[in-house]
Amino acid sequence: MSKSEIGLLGLGTMGAALALNIADNGFDIAVYNRTARVTQDFKATAGDLAPRITATETLEDFVASLKSPRAIILMVPAGEAVDQQIAALRPLLDDNDLIIDAGNANFHDTNRRAEAAGDKPFLGIGVSGGEEGARFGPSIMGGGNKASWDRVAHILTAISAKHDGTPCATWMGEQGAGHFVKAVHNGIEYADMQMIAEVYGILRDGMGLDNAAIAAVFDRWNTGPLASYLIEISARVAEAKDTDTGRPLLDIITDAAGQKGTGRWTAIEAQHLGAPVPAIEAAVAARNLSAARDLRQTGEDIFGGAPQALNGALTVDQLEQALIAGKIICYAQGFTMISGASEQFGWNLPLPEIAKVWRAGCIIRSVMLDDMATALSEDPDKNLMFASTFAGNLKATHGALRAVVAQAALHGLAVPALSSGLAYFDTMRTHRGTANMLQGQRDYFGRHGFERLDREGKGFHGPWAN
Ligand SMILES: NC(=O)C1=CN([C@@H]2O[C@H](COP(=O)(O)OP(=O)(O)OC[C@H]3O[C@@H](n4cnc5c(N)ncnc54)[C@H](OP(=O)(O)O)[C@@H]3O)[C@@H](O)[C@H]2O)C=CC1
Ligand SMILES: O=C(CO)[C@H](O)[C@H](O)COP(=O)(O)O
């Protein structure tokens, strides 16, 4: 039997879809899964693609079924599972065989694994698009040794999404660069989803729209500047009916969000980098608070439920404008963070290419990313809010964002991501800020010293110093 060009370990939601995508693009692939029955079922249901798939039930057979030098994709949960599989595979592999971690790894882990691999090839690649993207074309953010990327680039570009014919698969930089970019992608995903959820809350609780009407609003927005995968699927979620009860699905989904950690990694790393991403931080906090359902019930019992009807205080068009502004502000934060990491880690991350690779296939794909790619190509170092296209958009929309945040506050409708975005925007257009007070306080209690506007130098103290 002829040997396969590539191997894939981990036939869960993403791995199975990715393996079919690889086979569908004409590559012979060997697969292995910890639970052998899953492998058997996978091959049995692969239909026309089955002849391209070699199903194996031991790691030894898996490795033996691959062409040398081998390339093996891991698609298992982040953390220990990746380390376990690397440890199990390495003794069976030759020194120039390539291991590719294609799951959502913390980039610090990827850096560590790349170090530990030494001269043995190792890549960490971020894959986005959910199950459908993995099956028919994900967005791929590669990281690690460039020569190793080049060995498999023909496969990764073939299986990736295409935007106007351009593959959405790009090498981002050494070591954990690909997983870092994927984490920021997911952080932006969290913020984008949170802002849509906040607007959904206003439509539902503030304006009294039913699910069908909310779906119609999202569908309409999906034909304008907000056109994106997340707006599109929000309409589908809003209109869905539960197959058991026939009730609107949204009405029976528990209001407690799960999370696997990528948004949290992004928020933590942003703090380390000193490149804050408040919209993403607000989105992570909102997920954490959503999970505290009992506590929220206690709050409602004590204070009464917060949401009140808006009685015409806002229009649906203002919500659309607010979401446009919030989205620009949130992406400006994400790209600023990427820029900070690029400098800090010496990665030279290609910001315009990152915007391009997110234009198709991934969860945050949207028409706006095309304009972002253009703006970043013109000046990758400029905060996106200040690029002429987006400055123009913000001038036209920030009034609506302000109205939405203000009316939401007055009517007990929590909008943490939108309001943090507005605060970021206002902070970033205020030259004379308020940190002079912080510096005065720090000097008062700790002799930390301050700089003066009227003199050169550092380490000045207030009159309390003596
Ligand atoms: N779902 C999504 O939308 C996306 C997920 N990802 C990332 O892709 C990776 C896989 O996710 P997903 O496919 O959703 O996960 P699933 O839970 O669907 O599948 C997990 C797979 O990993 C295997 N596995 C779990 N633990 C181990 C272990 N200790 N050793 C060996 N194999 C193990 C499972 O095998 P078994 O059958 O034996 O349990 C299964 O094949 C994760 O890193 C995830 O964050 C990335 C983008 C999108
Ligand atoms: O990477 C992804 C999409 O890009 C995964 O779907 C990820 O699981 C989403 O994150 P979380 O589970 O924390 O919501």
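Predicted model: local features only at pLDDT ≥ 70, side-chain atom pairs only at ≥ 80, totals over all residues.
1. Leaving out residues up to four places away in sequence, V404 touches L314, Q318, L319, A322, V415 and L418.

2. Now for the overall layout. The chain is divided into domain 1 (6-175), domain 2 (183-427) and domain 3 (438-465). Between the C-alpha centres of domain 1 and domain 2 there are 31 Å.

3. Next, ligand 1. It is surrounded by 23 residues, of which the closest are G12, M14, R34, G103 and N104. The elements giving two or more residues to this shell are α1 (13-24), α4 (80-89) and β6 (122-128). The shell around ligand 1 has nine nonpolar, twelve polar and two charged residues.

4. Ligand 2 has a shell made up of N104, S128, G130, N186, E189, G258, Q259, K260, T262, G263 and I363. At least two residues of the ligand 2 shell come from α8, and at least two from α11. In terms of class, one residue of this shell is nonpolar, eight are polar and two are charged. Domain 1 (6-175) and domain 2 (183-427) both give residues to the shell, so ligand 2 lies between them.

5. Helix α12 passes a simple check on its length. Its 14 residues (278-291), at 1.5 Å a residue, should span 20 Å, and the end C-alpha atoms are 20 Å apart, which agrees. The buried residues of α12 are P278, A279, I280, E281, A282, A283, V284 and A286. These buried residues pack against α8 (177-206), α11 (262-273), α14 (316-345) and α18 (416-427).

6. Which residues does V63 contact beyond its neighbours within four places in sequence? They are R70, L92 and L93. V63 sits in helix α3 and is buried, with 21 other C-beta atoms within 10 Å. V63 and L98 are 35 residues apart in sequence, while their C-alpha atoms are 11 Å apart in space.

7. Some backbone geometry is worth a look on your screen. Most residues other than glycine have a negative phi, and most peptide bonds are trans. The peptide bond from S68 to P69 is cis, with omega near -5 degrees. P69 belongs to the loop between α3 (59-64) and β4 (71-74).

8. N348 has a phi near 55 degrees, a positive value in a residue other than glycine. You will find N348 in the loop between α14 and α15 (351-357). Is N348 buried or exposed? It counts as exposed, because 11 C-beta neighbours lie inside 10 Å and the limit for an exposed residue is 12 or fewer.

9. Finally, R447 also has a positive phi, near 50 degrees, in a residue other than glycine. The position of R447 is in the segment after α19 (435-446). With 12 C-beta neighbours inside 10 Å, R447 counts as exposed.

Conventions: Residues numbered from 1 in each chain as written. Chains lettered and ligands numbered in written order. Helix = DSSP H or I, 4+ residues; strand = E, 2+ residues; numbered from the N terminus. Expected span 1.5 Å × (residues − 1). Buried ≥ 20, exposed ≤ 12 C-beta atoms within 10 Å, placed from the backbone. Contact = placed C-beta atoms within 7 Å. Near = placed C-beta within 6 Å. Nonpolar A, V, L, I, M, F, W, Y, C, P; charged D, E, K, R; others polar. Domains from an automatic or database assignment.
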